[in-house]
Amino acid sequence: MNRIHPFDHLILILGTLFMCVPVLVAIITSTHSAVDIHMNGLSLIPGSHGAETYEAVLTRKGGFTGQVTGITMLMNSLILGLGFAVGKIVLSMAAAYALVYFRFRFATFLFWIIFTTLLLPLEVRIMPSYQVMSSLGLLNSYTGLIVPLLASATGTFYFRQFFKSVPDELLEAARIDGAGPWKFLWDVLIPLSKTMMAAIFIIMFVYGWNQYLWPMLMTTEERFFTLMRGIKQILQVWIGSQIPDYNEAFALAVLALLPPVIVVVVFQRWFIRGLTESDK
Amino acid sequence: MSDLTHPVTSPAARPGRIRRWFTRPATAPSPAPSPAPAKRVQFDAPLLPWIFLAPQLVVIFVFFYWPSVQAVTSSFYIEDPFGFGATFVGIDNYRDALGSREYQRIAGFTALFTVLVTAFSLGLGLLFAVKADKVIRGRSAYRTALIAVYAIAPPVAGLMGMMLFDQHIGPFVTLAGWFGYEMKVGINYWDTASAMILISVWKQVPYNFIFFLSGLQGIPASVREAAVIDCRGGFTRFRTAILPLLAPTAFFLLIINITYALFDTFAVIDVMVKDKPANNPLTLVYKVYNDGFRGNDIGGSAAQSVILMVIVLVLTLIQFRWLERRVHYG
């Protein structure tokens with residue numbers, strides 16, 4: 001229908017360069033030594049110091065307490081990403097199930113209670129949230145890191161939309177066969193939701209892994225630092241140093257960006273479907 | 001059919017109902033949630049739904065409603081910095097915030113920042129989506145390349161931006177030098193602002209690209225063919241036939257992008273100003289954080305939070321009510 005114009009390709013190639021070159025530069029430059037980067041700037045030709053830089057970033061004990069390594073931060077980011085994704089799926093699937101498949105008092109009221117949370121992002125109530133956490137004694141704990149982020153209805157909204165699209169006949173048939181609510185959930189609804197669960201898992205994992213402000217406030221103890229917190233750290237150390245550790249900063253950035261990028265690229269199909277169907 | 005197409009609301013799947021589809025956006029972005037019972041048949045169990053809802057409700061009450069109420073309450077008090085109680089001051093915190101020159105300056109920059117980030121990231125997202133929708137060769141490669149950056153966290157984007165605009169090693173600084181301009185990101189206000197805007201746009205383009213492409217692929221082939229017959233010129237055809245069909249997606253993205261520019265860019269800004277807010281461009285959400293956690297001005301910070309809450313609330317209500325009604329499809 002449309003004639004292919006080289007101009008279209010030109011724009012797309014420029015767009016691809018615009019989006020991808022910074023990432024490539026970060027990856028490639030991280031394989032040079034700090035002095036080399038300081039002298040010659042960023043690079044698009046791989047250097048020979050990659051192994052030692054990454055080894056240093058991953059295993060050297062750093063920070064004020066001398067306790068935190070890159071591996072610790074990687075593990076914490078992973079715990080945050082996975083914990084958040086799993087928690088979100090469990091909580092919101094259960095809530096959506098109750099809202100869609102049960103007739104009970106106050107259902108409408110509870111619906112509004114839950115969906116009001118869509119209105120206000122965490123950033124605007126960050127200060128009081130911090131105070132609540134500290135009065136609950138949850139600072140510096142994985143619970144404090146993960147659970148408050150779950151206080152939003154994004155997942156519930158998403159699963160509710162999906163459950164509504166499941167044909168009513170399935171429930172009717174299940175009830176004729178004598179299936180109760182638990183059996184229907186386990187044997188019918190969960191198997192049906194597998195693709196949707198995968199999609200939301202990817203979105204939520206990326207969201208959790210990429211959290212910055214909340215982990216920064218919640219964790220003052222270095223053993224709970226995530227990679228995002230480490231990035232702030234490495235930049236603070238820079239101020240006043242002669243030759244900044246460019247290579248290590250790049251290596252840290254690469255460690256922080258590769259897992260979610262790989263997840264999104266590999267599971268593109270599910271990820272896009274989840275995103276465009278659930279939209280926030 | 002491409003995997004980007006919405007399987008349920010895809011109009012192509014229901015060719016006989018195009019007319020009806022025109023009243024709904026292609027990717028069905030956020031229809032206002034309606035509490036009407038979803039199913040004809042439902043379980044009648046008085047206790048069980050509460051068990052299913054309990055975890056979500058507990059989390060929401062403890063970590064959403066309690067802090068939100070606290071924010072509103074403490075915005076009417078001045079808290080003693082040494083923890084000896086609080087004094088009720090009415091709307092003084094609001095008056096102080098809105099009346100201060102600094103707040104107005106930051107609000108002004110936030111507005112400019114939001115407009116530019118939203119405009120550029122929507123524009124580029126749309127441009128790439130239109131082109132990616134057209135080409136056949138290399139389509140999935142382009143798509144992957146344009147989507148990948150979605151997964152990069154704002155602080156990582158900020159860090160990479162810092163490198164690209166670094167005084168010693170930054171290629172953008174060198175580039176500006178060729179034109180005889182000495183770029184000083186972190187020192188010169190507008191240099192820093194430009195870098196922040198560029199990084200924030202870069203980070204947001206993939207999101208818009210995904211939604212625009214998905215929206216484009218939801219436009220039925222019959223409509224496209226009709227448009228080709230009616231309009232010879234490619235641009236006119238796009239403006240008069242395709243763009244109106246993308247309007248719902250665009251309006252949905254508009255709100256999302258404004259919210260992104262207001263809040264999600266916090267990390268980009270925090271990484272770039274490196275704890276030295278003094279002479280740097282800041283946004284309102286950064287000031288909330290800075291006044292609350294650094295300045296220990298809990299009442300003032302809470303008042304600013306509430307102002308932001310009102311802005312978000314208004315935006316969301318516009319999204320739910322107004323835009324859905326005002327978008328016409330001729």
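How many helices and how many strands are there in chain A? Chain A contains 15 helices and zero strands, where helices (H or I, at least four residues) and strands (E, at least two) are DSSP runs numbered from the N terminus.

The model is predicted: local features need pLDDT of at least 70, side-chain atom pairs count only at pLDDT 80 or more, and totals for chains, interfaces and linings use all residues. Residues are numbered from 1 along each chain as its sequence is written, while chains are lettered from A and ligands numbered from 1 in the order in which they are written.

**Chain A as a whole**

Select chain A. Its C-alpha trace spans about 75 × 65 × 30 Å along the principal axes. Of its 280 residues, 50% are buried; a residue is buried if 20 or more other C-beta atoms lie within 10 Å of its own, exposed if 12 or fewer, and partly exposed in between, with C-beta atoms placed from the backbone. Two residues are in contact if their C-beta atoms, so placed, lie within 7 Å. Among contacts in chain A between residues at least 6 apart in sequence, 74% join residues at least 24 apart.

**The contact with chain B**

Display both chains. The contact takes 91 residues from chain A and 91 residues from chain B. The chain A side has 61 nonpolar, 17 polar and 13 charged residues; Ala, Val, Leu, Ile, Met, Phe, Trp, Tyr, Cys and Pro count as nonpolar, Asp, Glu, Lys and Arg as charged, and the others, Gly among them, as polar.

Next, select helix α6 (residues 126–135) of chain A and helix α2 (residues 48–74) of chain B. Their axes come within 8 Å and cross at roughly 115°; axes are lines fitted to C-alpha atoms, for helices over the stretch in contact, and angles run from 0 to 180 degrees between N-to-C directions. On α6(A), A:Pro128, A:Ser129, A:Gln131 and A:Val132 take part in the contact, meeting residues of α2(B) that include B:Phe63, B:Trp66 and B:Gln70. The residues of this contact comprise seven nonpolar, four polar and no charged.

**The nonpolar core**

The largest nonpolar core has 166 residues; such a core is a set of buried Ala, Val, Leu, Ile, Met, Phe, Trp, Tyr and Cys residues joined through C-beta atoms within 7 Å. Helix α4 (residues 70–101) of chain A gives the most to this core, with 15 residues. Centre the view on A:Ile231, one of the residues with the most contacts inside the core. Not counting residues up to four places away in sequence, A:Ile231 touches A:Leu252, A:Ala253, A:Ala256, B:Pro155, B:Val156, B:Leu159 and B:Val271.

**Helix α8 of chain A**

Select residues 154–165 of chain A, which form helix α8. Nine of its twelve residues are buried, among them A:Phe157, A:Tyr158 and A:Arg160.

**Two loops and a glycine**

Most residues other than glycine have a negative phi. A:Phe106, in the loop between α4 and α5 of chain A, has a positive phi of about 70°. A:Phe106 counts as exposed because it has 11 C-beta neighbours inside 10 Å. A:Asn140, in the loop between α6 and α7, has a positive phi of about 55°. With 15 C-beta neighbours inside 10 Å, A:Asn140 counts as partly exposed.

Finish at A:Gly144 in helix α7 of chain A. Is A:Gly144 buried or exposed? A:Gly144 counts as buried, with 22 C-beta neighbours inside 10 Å. Not counting residues up to four places away in sequence, A:Gly144 touches A:Met133, A:Leu138, A:Leu139 and A:Met218. Its C-alpha atom is separated by 9.7 Å from that of A:Tyr130, 14 residues apart along the chain.

Key: The expected span of a helix is 1.5 Å times one less than its number of residues.
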